[in-house]
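Here are my notes on this one, in the order I'd go through it. Have the structure open while you read.

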Amino acid sequence: MPGFFKNKHKKSNTTNENQTQPPSEQDFPDSIDVRLSNNLDVIKNKTGNSFDVIIRNVSIGLQPKIQTAIVYIDGLVDSQSIKDFLIESIIKSPDLQEKLIQQDPLEVIEDEALPFGSIRNAHDWVQLFSALMDGETIILVDGKTKVLVVDTRGGDRRSIEEPTSQVTVRGPRDGFTESIITNTSLVRRRIKSPNLWVEARKLGKVTNTDVAIMYINGIANEKIVEEVRRRIDQIDVDSVLESGYIEQFIEDQTFTSFPTLYHTERPDTVSGNLLEGRIAIFVDGTPFVLIAPAVFIQFFQAVEDYYARFDIATALRFLRILIFSISIIAPAAYIAATTFHQEMIPTQLLIAVAAQREAVPFPAFVEALIMEVTFEILREAGIRMPRAVGSAISIVGALVIGQAAVQAGIVSPAMTIVVAMTAIASFATPSFAMAISARLVRFVFMIAAATFGFYGIILGIIMLTIHLSGLRSFGVPYMTPMAPFILKENADTFFRLPWWALKRRPQLISEGNMIRVGKDQKPEPPIGRGMLKFTEEKGDQDE
Amino acid sequence: MEKAKISSYQLFVLVLLFELGSALLLPLAMTAKQDAWIAVLLGMIGGMFLFIIFFRLYQYYPDKLPTMYAQMIVGKPLGKVLAFLYILYFAYLAARVLRDFGVMLVTFAYPETPLFIVNALLIIVVVYAVRKGIEVLGRTGELLFTIMYLLVVTGFILIVISGLIDVNNLKPILGEGILPVIKAAFTETLYFPFGETVVFAMIFPYLNNSRKARIAGLTAIGLSGINLTLVMLMNISVLGVNLTSRAPFPLLATIQMIQVAEFIERLDIFFMLALIIGGFFKIGIFFYAVVTGVANLFSIESHTRLCYPMALVVLLLSITMASSFAEHVKEGYKFVPMLLHLPFQVFFPIILLVIAMIKRRKA
Amino acid sequence: MNRGIVLLLLFSVLILLSGCWSKKELTDIAIISAFGIDKNDKGQYVGTIQVINPGNVTGGQQDGGSSIGPPINVYTETGNNLTEVSRKFSTGISRRLYYAHTNLVVVGERLAREDGILRLFDAMDRDPEFRITSEVIIAQDMEAKDIVRTITPIDKIPSNKVIKTLKSTEKNWGTHLRANMKDVLNNLVSDGKEPLITGFRIKGEIDQAMKMANIEETTPKAVLEAEGIALFRNGKLVDWLQGSTARGSLWILDKIEKTDVNINWQEHEEAIAYEVIRQKTKVLPKIYNEEPLITIDVSAEGDIGEVEIPVDLTDPLVLVKIEKEVEKEIKKEIQEAIKQAQKNKSDVFGFGEVVQRADPKLWKKLKSDWNSVYFPELVVDVKVDAFVRRTGIRTKSFLTEIEENRK
């Protein structure tokens, strides 16, 4: 027992595990050899003779023939351009062949032969393999210790389709794909300003995943950008397969149920956020882009809000907050009311519920727990199973839970209604990340309600509020702009005032250029009939 | 002192929630019978004066906690003693409020639950907040303030709709003359709840804008005073003087009377929740003052570690301070105002201020 | 970090072990809808509780066919005070008694007359579960037990029927008033007003009232009806106000909402019905030489509801005459009510409170003898102003047409 209370200094013998060792980095020979065949052997050994590593030997030039090799990875390269441009241009042109003998063949090829966008040199094996794995083509020339790296990245990608996780009625339908360059281009199409800066990194010792940080210079807060850079550069891990990996490394606080980074599949969302001064983090291999910093209210804003009229947008926002509260508190409130505070319930309703509960063998809390867990099981099953079986399961679910369980007297109808309402409410939250956090918090509230009734619930609400108020996302308090209360910014939280009223950018996130809407933007059409010429003389009659 | 800054709006919210905290719960100035509400108004005005005194002291020593400037004003040994006494005072008041709320819950909603558990739960939440610092407390205040206010306003509207208000219960206004009212104001309402704002002297050093803050604080006192006056008016007009003085928690009795449209009735629990929010802040602020004061006085770097032991102290104090509710109430009426509130809220601050002013003149 | 987790685990175990002291499952409580108090010959209290049987209130639909048991069950117990009675019930009932929904309290007449109601209410006032919004009624000429036992048609829960009946008759007929516990307590305490509580009785065969058979016919054998208003003095029931005197008291208390005043017209008795739609009563005190004088000012507005004889309702002068007759009638009712109260030496109208508000110093002198000396001799001046606004959707009655055709 006392051991628990001593300070733990005993964990320091595992320092070896802290550093990830990239596999066999030392196995590279020092530099590129002069002899082509040696180099090709190294390449073959290193890649274990993988079948998709293509080595194409070409002889170029006139007498004497120069041996070159073109190495690329099939599938990562745009094979069309290799076929058409690369090999052809080196082999075919006769003038070229002459020059190749007279001058440095590498320089000739680099300067004159290849109609490609990006060509550079590589001097050592690290650069060579890095480029090869990226999908670039290596041109090795016998007798040279430099190699050419040609950007031929291509290969099969998913085409741009509507994002499945965030669907809108009104708004663009393109969504991010797995290719980072496509993704950044989708944003560039929308923000055609030279101030949109993109910084690239490679993360992951083994995966070497491309990661890009994008922001608008002059709008984004330089301190936050610096902080993002610092945190990303600090990441030291084997693999980065999805933006979620990065999120968990750079978020402000791990032990919380609430997300402090926003992720989205939609380019218009990213663009909107960039214009508010936020920073986007792209990860190659996933269509989900991270946005930092993120505050609580963002997770209740759907991008569609900005395209709709202000009255419906405001109403929907209120509705979403209400829904979120219901999804957290509803089952807990039901438990508290029926087990501790029966005086709250109107007599007629109480009698109806009591009649139902007479038939059920469990206490209300256990019943609620059973129903909630069953629903979570159903939900997970719904995600995993193939579409063909989907409808069968939903029927089973509805029948089993809705009808049979009630009639068998295992659960009461009132509880079923409460759980169903909660479930629907949790699906109505725009951001999936927030809905997930609600799922767990709900159970905590249920336990609190089962032990202390409404007192437990209110203490839970207070604790939740304290927790949320204490969270920060990259230095910005999580509950901005409700707390600290910044009046002007509240125009875009629960309400969504018309665009001409949203004059300033969020002040804690951006700096510099704060005004985003010019003066006198409120639409004021000229009064009356001056627009239509003929009505001036004739009034409403058309004839 | 922690590195934190709170805005004037946050101060406003904190003062308001603090004032409403337990004052909404308990009967105020019932010795003035149906004129209790006038006593509340008078107490509010007195409270504003006291607040100005506390704020002036802060303006003389911005960035310094009272535990520090007390030493600067009256010298180290005396100052330390004074500071320590204040810390005890705040701890006692925190325990008092905790006891009040615990008893309210146990009486109305959870008769079988031991008082210790109910109090312990509340103090744990307070500790959670205070550990995170005054900024978090401020922000939490901003968020919960809206909820609590909404509930209070809804309650008020429902009572009006129920047609429960009988203005006749307020008459005769000043039936016994103005004297009982003034007496009630100066022996009761001035100290509770308005003079208790002395605890905010421990929080002023964290303000980021002192000029706006003074207005914010005074507005909060004014607003809370008006609220409390309205509440007492409501209580007396709905329940009648007799029932209001017999009920340990008159507002709850009033809420119990709401019956609108057949199913909007028995809403006491919701208002109890609003009251708990108020109680949380009152205890929270007292507790924060205690912890910060101790940390400052004994030169401890961070106040977070002190929270748990201090919480235990306050919790135990709240259980042991009185063996029955009647004793607790009597203590509160007879001993606390004269023995504790008067010196700590009025005498010491005035003396300190006078000495400080003299020192300024000299320098 | 470890420390935090350990503490968390300990705390959660604590929660689970605690057993949640104040938890009450719905299946463990007996919801009581009405509470009746009587006195037996030994001077002990007899408590009767009306317990709701939830399955029989809503059920019957799911099982279908089988006969439904009664929606309520009634238990009786004796004891020396109400708390003892309440706890003794546990010997016969499998559940914990839950009073939060006890909306009705019935006091037996004998108990109210002999012992008075002062000693009854403290337990109910003090208990946190009991709500002071419960309505109080007196069982007129019978025991509270009988009223609590009655099964009623349409409203499954009898206490609901009583309360709804009270509400609707106060609103529509005006000879009964609602008295919830808060009002009764305030009136008992106040030295300027005495309580008025409505009385209910069972019309019909009392011993049939508790049987399910009672509601199986279109005309139940035993029906709960509001009868008179009980007048109290010093907490004891002394008299009953019935019919017009009852209504008179409601006029004074400004509680009339809608009612029907019948007037005589040209030797025809009760020939015209005047329906009161709204009214306002002001009770104003005047103090002359340390002697209080009360003026009651009633202004009523209404329609003509019914005529039994041909009357020309289009003539405003006729309407004025009708108004005068109505005023006379109302004044008579009020004066009769005052007389009855004065005879019983009990100020049920709150005139004392009115005097107190007007002149507190004078009240201090008068209050100890108010009920016995000053109130019975109080001069009350009654002024009534009645207006006929409309005559329904017809102007002249068809009877007038018949009359005119004959001519």
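1. Start with the domains: chain A splits into domain 1 (25-150), domain 2 (180-294) and domain 3 (310-476). Keep in mind that this is a predicted model. The centres of domain 1 of chain A and domain 2 of chain A, taken over C-alpha atoms, sit 34 Å apart.

2. On the overall make-up, chain A has 17 helices and 12 strands. Of its 543 residues, 37% are buried. Take the contacts in chain A between residues at least 6 apart in sequence: 65% of them link residues at least 24 apart.

3. Now the sheet. Five strands of chain A form an open sheet with antiparallel pairing, in the order β1-β2-β4-β5-β3. At its edges are β1 (53-60) and β3 (119-122) of chain A, each pairing on one side only. From one strand to the next, the twist averages 25°.

4. If you want a spot to look at, Ala122(A) has Val147(A) in β5(A) as its bridge partner.

5. Then the contact between chains A and C, which draws 22 residues from chain A and 23 residues from chain C. On the chain A side, the elements giving two or more residues are α1 (2-5), α11 (310-339), α12 (347-358) and α16 (432-470). Which element gives the largest share of that side? That would be α12(A), with 9 residues. By class, the chain A side has 12 nonpolar, 6 polar and 4 charged residues.

How values were computed. Residues numbered from 1 in each chain as written. Chains lettered and ligands numbered in written order. Predicted model: local features only at pLDDT ≥ 70, side-chain atom pairs only at ≥ 80, totals over all residues. Contact = placed C-beta atoms within 7 Å. Helix = DSSP H or I, 4+ residues; strand = E, 2+ residues; numbered from the N terminus. Nonpolar A, V, L, I, M, F, W, Y, C, P; charged D, E, K, R; others polar. Domains from an automatic or database assignment. Buried ≥ 20, exposed ≤ 12 C-beta atoms within 10 Å, placed from the backbone. Pairing = 2+ DSSP bridges. Axes fitted to C-alpha atoms, helices over the stretch in contact; angles between N-to-C directions.
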